Amino acid sequence: MAPIVKISNLDKYFGHLHVLKNISLEVPEREVVCLIGRSGSGKSTLLRCVNFLEEPSHGSIEVAGVKVTGEMKGAQRRQLIHDVRLKTGMVFQEFNLFPHMTVLENVIEGPVTVKGMDRKIAIELAEKNLESVGLIVKKDEYPMRLSGGQKQRVAIARALTMEPKVMLFDEPTSALDPELIGEVLNVMKKVAYEGMTMIVVTHEMGFAKEVADRVIVMGDGELIEDAKPEDLFSNPKDPRTKALIDRYRTDSGN
Amino acid sequence: MNLFNKGEAPKSQAELLYAAQLRKELQFKTNVAISWAVLLVIMVFLFSGQSVTIGTTTFKTIHIDTTFILKEIDFIAGGLTETIKISILSIFLAMALALLAALGRLSTFPPIYALSTFYVSLIRGTPLYLQIFFFFLALPQLGIILSGTLAGVLALGLNYGAYMSEIFRAGLASVGKGQREAAIALGMTPTQTMRRVVLPQALRFAIPPVGNEFIAMTKDSALVSATGFVHELMWRATKVGRAQFHNLEALIMAAIFYWTMTLALTYIQSIIEKRLSKGDR
């Protein structure tokens, strides 16, 4: 199957710091990929390069047939980046809901403002997605009145309502109280089982084990291991992967 | 506090402490209010024209000509509408300019950034009084003749706009990076991000301080009277005061009008602020 996300020879520098080193990665449609690694390994930066929240220093990115290469400049490049962003939905660690809009307004904002979708149609779509994340009853509340877990579920509904081809999750449960993590992971699981292509930066090894088709371990700006979760967790090859998994075992006590 | 256990269940230490603290605060506020009233009474007494004899010395308080006051109060009060009109027009002009200047400060395009800082520096570096005269007296030399009110509104608007640009800059800065990123990730253009996500939040942040500026402006609008052609409070007070040599009474009247207006506006502002602080943030 042709990959829906294709990252080729990607480099990223922050000043002199080389944070992503010549990364190439392909993600086929409907696949769920978990990116794990210690903090500072470059996993969030890699994810943020996919929808150009970070500008890659070199290399090309292709999402659902839209390809942006390093040589492209000016208006053409801006247009293609815009197209890539329409193909990707993003969920942030800090939710980033718009505090001045109700839950429903948050969710229809993208379709109405960006796509010019008819408000009524957008509301129908938004309500369907809010139903699916279990928060239709909160549609007229402001984000301030929601728990962290609820905010993140709204954020997922907001991203889904743009009808993206790929969903990007940047540590979606890291800012949550432990007892709220489950509800968000459950929604993500549901999205995965509905066939969405997902790239998930996470520390939740349990989620990676259960839901991911593929787990990629990053270290020092490189992909150091790329395997099916059952192989990776039972038989890690790189010592850094081993250390990461061991720490998870100690933390979760099994 | 639990309202259902009045006089029944014993109160916890924390509740007792909290109640004591509330009592103390209430006591303080009451005492302040009483002191205010006393100060007000003293002030009224000082202007009552009464003679007081303490021992052998007799003090005479300030005599106010009440017939003058009754005769001219309508004339002076007639300036209120002009004062309010100038203040409202100027605050809108100032808000527009302040927002533009604040956005200019965010620009990475040097001429725009420079224009914004140049404007703020020039206006803040010269007196408001001079600016009013510049519009009213200097521009006619270039063939541009403005009415006193228009000159005043332009000068006040420009002046307050420069000062208020800081407020709007802080408002824009109060909107976190995550908000912009969420908008961008949805595919919004920079203009849409600004209009739909950043500005609404920045403006909400800016409303209370803009209220303060508006209150300050109602008083600075008195400077416009210097043109001699704007019949607002101050102009009317000085006109009748000078003509009949009753400046004391005239200025006291104007002062009372300004003060009352300020108190009313402060009260309105506190209501708006309360509304904004609850609910949707």
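**View 1. A:His18 lies in strand β2 of chain A, which spans residues 17–28.** The structure shown is a predicted model. With a relative accessibility of 28%, A:His18 falls in the partly exposed class, because that class lies between the 20% and 50% limits. Once neighbours within four places in sequence are set aside, the residues in contact with A:His18 are A:Asp11, A:Lys12 and A:Tyr13. The side chain of A:His18 also comes to 3.2 Å from the backbone oxygen of A:Leu20.

View 2. Is A:Ser8 buried or exposed? A:Ser8 counts as buried, because its relative accessibility is 17% and the buried class covers values under 20%. Apart from residues up to four places away in sequence, A:Ser8 touches A:Ile23 and A:Ser24, together with A:Gly59 and A:Ser60.

**View 3. Chain B and chain A meet in a contact that involves 23 residues of chain A and 20 residues of chain B.** The size of an interface is often expressed as the accessible area lost when the parts come together. For chain B and chain A, the area buried between them is about 1,900 Å². Carbon and sulfur atoms account for 61% of this buried area.

**View 4. A:Glu109 and B:Arg196 form a salt bridge through their side chains.** The N to O distance in this pair is 2.7 Å. Across the interface of chain B and chain A, two salt bridges are found by the rule applied. The corresponding rule for polar contacts finds seven residue pairs across the interface of chain B and chain A, with both residues of each pair at pLDDT 80 or more.

**View 5. On chain B, helices α7 (177–185) and α8 (190–220) each supply at least two residues of the side that touches chain A.** Which element gives the most to this side of chain B? The greatest contribution comes from α7(B), with eight residues. By residue class, the side of chain B that touches chain A comprises eight nonpolar, six polar and six charged residues.

Definitions and conventions. Residues are numbered from 1 along each chain as its sequence is written. Chains are lettered from A and ligands numbered from 1 in the order in which they are written. This is a predicted model: local features need pLDDT of at least 70, side-chain atom pairs count only at pLDDT 80 or more; totals for chains, interfaces and linings use all residues. Side-chain values use heavy atoms; hydrogens and water are left out. Contact means heavy atoms within 4.5 Å. Buried area is the accessible area (1.4 Å probe) that two parts lose on being put together, summed over both. A salt bridge is a side-chain nitrogen of Lys or Arg within 4 Å of a carboxyl oxygen of Asp or Glu. A polar contact is a pair of N or O atoms within 3.5 Å; within protein, one must be able to donate a hydrogen and the other to accept it, and residues adjacent in sequence count only if both atoms are side-chain atoms. Helices (H or I, at least four residues) and strands (E, at least two) are DSSP runs, numbered from the N terminus. Ala, Val, Leu, Ile, Met, Phe, Trp, Tyr, Cys and Pro count as nonpolar, Asp, Glu, Lys and Arg as charged, and the others, Gly among them, as polar. Buried means under 20% relative accessible area, exposed over 50%, partly exposed in between (1.4 Å probe, protein chains only).
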